[in-house]
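Biologist: Before we discuss any assignments, could you put the model on the screen and then take me through the criteria behind each term?

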Amino acid sequence: MSTAAALTSNVEAFQVVSNVSPHSEAEREAALADLRFGVQFTDHMARVTWTADEGWHNRRVEAYGPLSLDPAAAVLHYGQEVFEGLKAFRWADGSVWTFRAEANAARLARSAWRLALPELPAEDFIGAIDALVRADSAWVPGVEESSLYLRPFMYAHEAFLGVRPARHVEFLVIASPVGSYFASGVKPVSIWIEKDYHRSGPGGTGDAKCGGNYAASLMPQMAAYAKGYEQVLYLDARHGTLLEELGGMNVFAVMADGTVVTPVINGNILEGITRSAIIALLGERDVKVVERDLPLIEVRAGLEAGTISEVFACGTAAVVTPIGRFGSDEFELTVGSGEPGPVTLQIRKELMDIQYGRAEDTHGWMRRVV
Ligand SMILES: *Cc1c(COP(=O)(O)O)cnc(C)c1O
């Protein structure tokens, strides 16, 4: 993976047209004092247009606001859309940094390829983020565990009902100040193991970050809520026997002997940037990390026998989340004591210390934006 230093950003190519009626300072302060996930948005958005004739053009930062979309816009009918999620962190000295943005740029390109969308050059992805975060730097919160969540996305804008890739595509980045994902600190979540439905299947779009996968996960998610569980764990669609991931987070199991296991990337799993950072950090601590098939039968037996001591989920939004309880049609199992385990808490702290500049970034993961 290339390091941040090697990254180029074409931030200068973005024309900034400032919002003529931004939030007042008082409104912004009120928003920053009441941080929830994905509710408040900043004053601007970054945007780049693609057409089959002109390619990527019209790089700009403009007032945040509703999009004008023709009712025949292809995205509304055929779901041709991909997205990303990353954060900008305010360090104690006031500077603002992104975490592994180049990995998000590369993943967006892979997702776009799968959805027959055009590839956005990494320098445009980074440039859009730089331009937006600089325009809205006052929106990057500074309190503990807060950040500016960035949501890049690309969609088929062309008004055409024929089934083919759109010839007019828009790429945007919007930003939302967020607090700690869980209001009450690190709280273990309960997980329903879903046997009847899948978020993706062999040859499908499971390894692309696209809205369609999330649409497929909403109904099982609601059914799990109704049964008293917070999140859904999906099994492989071919056999229904292997753990894959949650609707929007990857999963790790910690064995009693200290080995850490995570499901191998198999074409259905979305390869998380948090996942790969955790694998790297654990490896450097001489923890044995194994990427392999993780059968449900093994997890069930391990939880029953105590040979699996911790299970956690990870992703940009919630960083690292302990799993406290699993349920399925056949069993109900507590993970360890049900409380967050030491490996989970340690890796969470290690990652966040790098993100907030409290620990040295030996990987070149952090990139200064402001
Ligand atoms: C985004 C996402 C993840 C986590 O990826 P990160 O890069 O760590 O944020 C995991 N699974 C799915 C399905 C996702 O969409």
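Modeller: Let me begin with the salt bridge, by which I mean a side-chain nitrogen of Lys or Arg within 4 Å of a carboxyl oxygen of Asp or Glu. This is a predicted model, so local features need pLDDT of at least 70 and side-chain atom pairs count only at pLDDT 80 or more, whereas totals for chains, interfaces and linings use all residues. Residues are numbered from 1 along each chain as its sequence is written, and side-chain values use heavy atoms, with hydrogens and water left out.

Biologist: What makes R348 and E145 a salt bridge?

Modeller: The closest N and O atoms of R348 and E145 are 3.0 Å apart, and because the limit is 4 Å, the pair qualifies as a salt bridge.

Biologist: How do you know that R60 and E170 form a salt bridge, and what does the pair tie together?

Modeller: The N to O distance between their side chains is 4.0 Å, and the pair is listed as a salt bridge. R60 lies in strand β3 (residues 55-63) and E170 in strand β8, so the pair ties together parts that are 110 residues apart in sequence; strands here are DSSP runs of E with at least two residues, and helices are runs of H or I with at least four, numbered from the N terminus. E170 also meets R47 in a salt bridge at 2.8 Å, N to O.

Biologist: Why is E298 called partly exposed?

Modeller: Buried means under 20% relative accessible area and exposed over 50%, with partly exposed in between (1.4 Å probe, protein chains only). E298 has 27% relative accessibility, so E298 counts as partly exposed, and R292, at 28%, is partly exposed as well. The side chains of E298 and R292 meet in a salt bridge of 2.8 Å, N to O. By contrast, both R60 and E170 are buried.

Biologist: What is buried between domain 1 and domain 2?

Modeller: The bounds, 11-180 for domain 1 and 189-355 for domain 2, come from an automatic or database domain assignment. Buried area is the accessible area (1.4 Å probe) that two parts lose on being put together, summed over both, and here that is about 1,800 Å², 59% of it on carbon and sulfur atoms. In domain 1, F83, F99 and R107 lose the most area to domain 2, together 32% of what that side buries.

Biologist: How many salt bridges does the rule find across that interface?

Modeller: Across the interface of domain 1 and domain 2 the rule finds one salt bridge, while the structure holds 20.
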